[in-house]
Amino acid sequence: MALPTSIQLQIVTPDKLLVNEQVDEVQVPGSEGYFGVLPGHTPMLASLAVGELWYRKGQEKTFLSVAFGFCEVLPDRVTILAQLAERAEDIDIARAEEAKRRAEQRLAQATEVDYERARTALTKSLMRLQVSSRSQFAGRVGKQRMPPPQG
């Protein structure tokens, strides 16, 4: 049997089907570390961590922020069932900054707070900010450069 030449990527949250596309490559934030998937990958199941997911179609990369859930990998398909997932361009930067500020305040008062919950909130807000910054530089794989310094 011939290896597939692309992967059907589906990213589903409790609210909606966010992505349903044929792609060439996917990088997923697994709970044991990031892993890449190319067509013909060995079947596997993995739990997701808070992190940055990207996929590539040709030379174009698309970035998403994902948090928690599961990933099923088959030779011709990747299905992500995520608790949270947002495209870079859909992230509300002001809201993420505010969530970061609140989480940092809660962590500073560690005796009166659920530490793990505050740490998770901080991680999610930082990931949203990181992924949102990629939207301005996303696009062709070889063209992701920072703008020249101003002044």
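Predicted model: local features only at pLDDT ≥ 70, side-chain atom pairs only at ≥ 80, totals over all residues.
Which residues is I80 in contact with, leaving aside its neighbours within four places in sequence?

Residues are numbered from 1 along each chain as its sequence is written, and side-chain values use heavy atoms, with hydrogens and water left out.

**View 1. The whole protein chain has 2 helices and 9 strands.**
Helices (H or I, at least four residues) and strands (E, at least two) are DSSP runs, numbered from the N terminus. Read from that end, the order is β-β-β-β-β-β-β-β-α-α-β. The protein chain has 151 residues, and 35% of them count as buried. Buried means under 20% relative accessible area, exposed means over 50%, and partly exposed lies in between (1.4 Å probe, protein chains only). The protein chain exposes about 9,100 Å², and carbon and sulfur atoms supply 51% of that area. Accessible areas come from the Shrake-Rupley method with a 1.4 Å probe; for residues, only the protein chains shown count as cover. Contact means heavy atoms within 4.5 Å. Take the contacts between residues at least 6 apart in sequence: 55% of them join residues at least 24 apart.

**View 2. I80 sits in the largest nonpolar core.**
A nonpolar core is a set of buried Ala, Val, Leu, Ile, Met, Phe, Trp, Tyr and Cys residues joined through side-chain atoms within 4.5 Å. The largest one here has 22 residues. L9, I11 and I80 have the most contacts inside it. Two or more residues come from each of strand 1, strand 2, strand 3 (25-30), strand 4 (33-37), strand 6 (51-57), strand 7 (60-74) and strand 8 (77-87). Now for the opening question. Beyond its neighbours within four places in sequence, I80 is in contact with L9, Q10, I11, V12, V28, L48, L53, F70 and C71. A second, separate core has 8 residues, among them W54, A67, A88 and M127.

**View 3. T13 is a buried loop residue.**
T13 lies in the loop between strand 1 (7-12) and strand 2 (17-23). Is T13 buried or exposed? Its relative accessibility is 11%, so T13 counts as buried. T13 and V66 are 53 residues apart along the chain, yet their C-alpha atoms are separated by 9.6 Å.

Helix 1 covers residues 93-108, which is 16 residues. From first C-alpha to last, helix 1 reaches 23 Å, close to the 22 Å expected at 1.5 Å a residue. That expected span is 1.5 Å times one less than the number of residues. Which residues of helix 1 are buried? They are A96, A99 and A103. The face turned away from the buried side carries the exposed residues A94 and A108.

**View 4. E98 forms salt bridges with R101 and R102.**
A salt bridge is a side-chain nitrogen of Lys or Arg within 4 Å of a carboxyl oxygen of Asp or Glu. By this rule the count is 5. E98 and R101 meet at 2.2 Å, N to O. For E98 and R102, the closest N and O atoms are 3.8 Å apart. Both partners of E98 lie in helix 1: R101 is 3 residues away, and R102 is 4 residues away. An α-helix has 3.6 residues a turn, so residues three or four places apart point the same way. E98 is partly exposed at 31% relative accessibility. R101 is partly exposed at 36%, and R102 is partly exposed at 35%.

**View 5. D24 and R56 link distant parts of the chain.**
D24 is in the loop between strand 2 and strand 3, while R56 is in strand 6, 32 residues apart. Their salt bridge has its closest N and O atoms 3.8 Å apart. D24 is partly exposed, at 25% relative accessible area. R56 counts as buried at 19% relative accessibility. D24, E25 and R56 are linked in a network of salt bridges.
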